[in-house]
Amino acid sequence: NQVIITTHSPLLVNRSIVKKNLLVFKSKATAAKNIAEVREILGVQVSDNLHCANLIILVEGAEDVEILKTWFTSLSSKIKKALDEGKITFDHLNGGTNLSYKITQSKSFLCDIFAFLDGDSTGDTAYQDAESKGLINEREVCFARMRGYKETEIEDLIEISTYKDVLEKEYSVSLDVKSFRNNQKKWSDRIKDTFHECGKKKWSKDRELEIKRLVAQEVVKKKGDSLKSICKPCINTAIRYIENYIDL
């Protein structure tokens, strides 16, 4: 027997093999050619940057988008081509705690997801929450990891020489102090302690974001050379997953 289920629900769309979706329109049933065609017939409204996207790469902050996009495109011509064509795109969570919400939103747009998160308590908690809800599995996530560090942010993966001179010039602080070499703390905490040790004014979240933007700008300038060699395994793992997805 053959069973046919008709639906207007985006939750039942086969995103991995798009042609498996049959579109019924004007008394005709045809195999879908692309995900944009499925979105159109279901009335799913998306922004221009998601119109052709099959995969959304979720990261924690806007600066992470610039950093990872730079590394991914420098190390993979396949990912660069897919980004240029709009087949994959980036989106940021505006904080790791929004992971579950963003995954749900992305899937309602008929997009698959891959998450690259900081290897800290926030990233771990956000992943565990999303996994417990059945929104993500271990294959669909990669964490920033730095050998010897208790917690790691994406900035920990950047060669210090990429931004050292700029920070010293802009803020008159030295990154050669003990506070910045403390591998028991993640990058943002070490930067905060460094500013305190160098006698700078009271720390704020705005100052942290300002510095992260400056660091991301320097990564874009230096491209793939800004990635620490010791940290390449976690970036290469993410690249392999995305390239394999593109090949499907």
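**Loops, strands, ring pairs and pockets**

Serine 27 lies in the loop that joins strand 1 to strand 2 (28–31), where strands (E, at least two residues) and helices (H or I, at least four residues) are DSSP runs numbered from the N terminus. The structure is a predicted model, in which local features need pLDDT of at least 70 and side-chain atom pairs count only at pLDDT 80 or more, while totals for chains, interfaces and linings use all residues. Residues are numbered from 1 along each chain as its sequence is written, and side-chain values use heavy atoms, with hydrogens and water left out.

The phi angle of serine 27 is near 65°, a positive value in a residue other than glycine. Most residues other than glycine have a negative phi. With a relative accessibility of 80%, serine 27 counts as exposed, the classes being buried under 20% relative accessible area, exposed over 50% and partly exposed in between, for a 1.4 Å probe and protein chains only. A positive phi, near 60°, is also found at lysine 223, again a residue other than glycine, and lysine 223 belongs to the loop between helix 8 and helix 9 (232–247).

Overall, the chain comprises nine helices and six strands. Its C-alpha atoms fill a box of roughly 75 × 35 × 30 Å along the principal axes, and 46% of the 248 residues count as buried.

Strand 3 (residues 55–59) is mostly covered, with five of its five residues buried. Strand 3 pairs in the parallel sense with strand 4 (residues 88–92) over five bridges, two strands being paired if DSSP finds at least two bridges between them. A parallel pairing over five bridges also joins strand 3 to strand 5 (residues 112–117). Within these pairings, isoleucine 57 has phenylalanine 90 of strand 4 as its bridge partner, and leucine 58 has alanine 115 of strand 5.

Six aromatic pairs are present in the structure, a pair being two rings of Phe, Tyr or Trp (its six-membered ring) with centres within 6.5 Å, counted as stacked if the planes are under 30 degrees apart, as edge-to-face if over 60 and as tilted otherwise. The ring centres of tyrosine 127 and phenylalanine 143 are 5.8 Å apart and the ring planes stand at 90°, so this pair is edge-to-face. The pair links distant parts of the chain, with tyrosine 127 in helix 5 (residues 121–132) and phenylalanine 143, 16 residues apart from it, in strand 6 (residues 141–143). Tyrosine 127 and phenylalanine 143 are both buried.

The pair of phenylalanine 195 and tryptophan 203 has ring centres 5.2 Å apart and planes at 70°, so it too is edge-to-face. Phenylalanine 195 is buried at a relative accessible area of 1%, and tryptophan 203 is buried at 14%. Ring pairs join Phe195 and Trp203 with Tyr171 in a cluster. A charge also sits over an aromatic ring, as arginine 190 lies over the face of phenylalanine 180 at 4.7 Å from the ring centre; the criterion is that NZ of Lys or CZ of Arg is within 6 Å of the ring centre and within 35 degrees of the ring normal.

The largest pocket has a volume of about 680 Å³. Among the 19 residues of its lining, Ile5, Thr6, Thr7, Asn21 and Leu22 are the closest to the centre. A pocket is an open set of points on a 1 Å grid over the protein atoms alone where a 1.4 Å probe fits, with protein on both sides within 12 Å along at least five of seven lines, and lining residues have an atom within 4 Å of a point. Points are joined across faces, edges and corners, and a volume is the space filled by probe spheres set on them. Strand 1 (22–25) and helix 1 (35–42) each contribute at least two residues to the lining of the largest pocket, which is made up of twelve nonpolar, six polar and one charged residues. In this classification Ala, Val, Leu, Ile, Met, Phe, Trp, Tyr, Cys and Pro are nonpolar, Asp, Glu, Lys and Arg are charged, and the others, including Gly, are polar.

The second largest pocket holds about 440 Å³ of space, and of the 20 residues that line it the closest to its centre are Glu60, Gly95, Lys205, Leu209 and Lys212. Helix 2 (62–75) and helix 8 (205–222) each supply at least two residues of this lining, and helix 8 provides the largest share, five residues. The lining of the second largest pocket divides into two nonpolar, seven polar and eleven charged residues.
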